[in-house]
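Please look through the sequence and the structure shown here before reading on.

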Amino acid sequence: MLDKVNHIAIAVPDMDEAKRQWGQKLGVKISAPLPQPEHGVTVIFIEMGDTKIELLEPLGEASPISRFLEQNPDGGMHHICFEVKDILAARDYLIEQGARILGDGTPKIGAHGKPVLFIHPKDVSGTLIELEQV
Ligand code: CO
């Protein structure tokens with residue numbers, strides 16, 4: 001059901017510092033910061049072979065990562081995104097297995113313009129899992 005990792009998202013409190021840490025210290029190629037006001041984040045993309053890392057900085061009042069950063073002030077891994085072929089079939093299977101889907105269970109259009117869902121972290125080793133239909 002889960003195909004490859006699409007991206008790993010890391011919440012960062014300060015994008016300039018994150019740029020230094022990833023772009024200079026680790027020496028990886030980073031994109032320019034891309035504000036996504038409709039998702040409450042600014043994103044830097046780091047292409048790593050056929051997967052990517054996304055650095056997320058809060059943007060605006062009600063950012064979905066604000067609370068995470070209150071609890072993890074240095075930043076940290078926020079979620080892993082797996083690709084699925086059929087997001088509704090994946091959702092129904094997960095619910096059958098007792099997993100909780102965040103929100104009302106209806107896929108929303110994510111940051112890449114594709115339908116996404118999130119699985120409750122308490123149901124997967126304390127890790128927030130995003131599913132994206134590709
Ligand atoms: Co994501």
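## The model and its burial

His7, at 1% relative accessibility, counts as buried, a word that here means under 20% relative accessible area, while exposed means over 50% and partly exposed lies in between, all with a 1.4 Å probe and protein chains only. Of the 134 residues of the protein, 40% count as buried.

This is a predicted model, in which local features need pLDDT of at least 70 and side-chain atom pairs count only at pLDDT 80 or more, whereas totals for chains, interfaces and linings use all residues. Residues are numbered from 1 along each chain as its sequence is written, and side-chain values use heavy atoms, with hydrogens and water left out.

## Overall fold

The protein has three helices and eight strands, and from the N terminus on these elements run β-α-β-β-β-α-β-α-β-β-β. Helices (H or I, at least four residues) and strands (E, at least two) are DSSP runs, numbered from the N terminus. The radius of gyration is 15 Å, close to the 14 Å that the globule rule gives for 134 residues, so the protein is as compact as a globular protein of that length; the radius is taken over C-alpha atoms, and the rule is 2.2 Å times the number of residues to the power 0.38.

## The sheet

The eight strands form an open sheet in the order β2-β3-β4-β1-β5-β8-β7-β6, with mixed pairing, where two strands pair if DSSP finds at least two bridges between them. Strands β2 (34–36) and β6 stand at the edges, each with a single partner strand, so one side of each is left without a neighbour in the sheet.

Strand β6 (residues 108–109) is joined to strand β7 (residues 115–119) by two bridges, and the two run antiparallel, with Ile109 opposite Pro115. Strand β7 also pairs in the antiparallel sense with β8 (residues 129–133), over four bridges, and here Val116 stands opposite Glu132.

Like His7, which is buried, His79 is buried, with a relative accessible area of 6%.

## The largest pocket

The largest pocket has a volume of about 930 Å³ and is lined by 35 residues, of which Pro64, His78, His79, Phe118 and Leu128 lie nearest its centre. A pocket is an open set of points on a 1 Å grid over the protein atoms alone, where a 1.4 Å probe fits, with protein on both sides within 12 Å along at least five of seven lines, and lining residues have an atom within 4 Å of a point. Grid points are joined across faces, edges and corners, and a volume is the space filled by probe spheres set on the points.

## Loop details

In the hairpin of β6 and β7, which has five residues between the strands, Gly113 takes a positive phi near 75°. Ser125, in the loop between β7 and β8, has a positive phi of about 55° although it is not a glycine, and this residue is exposed, with a relative accessible area of 75%.
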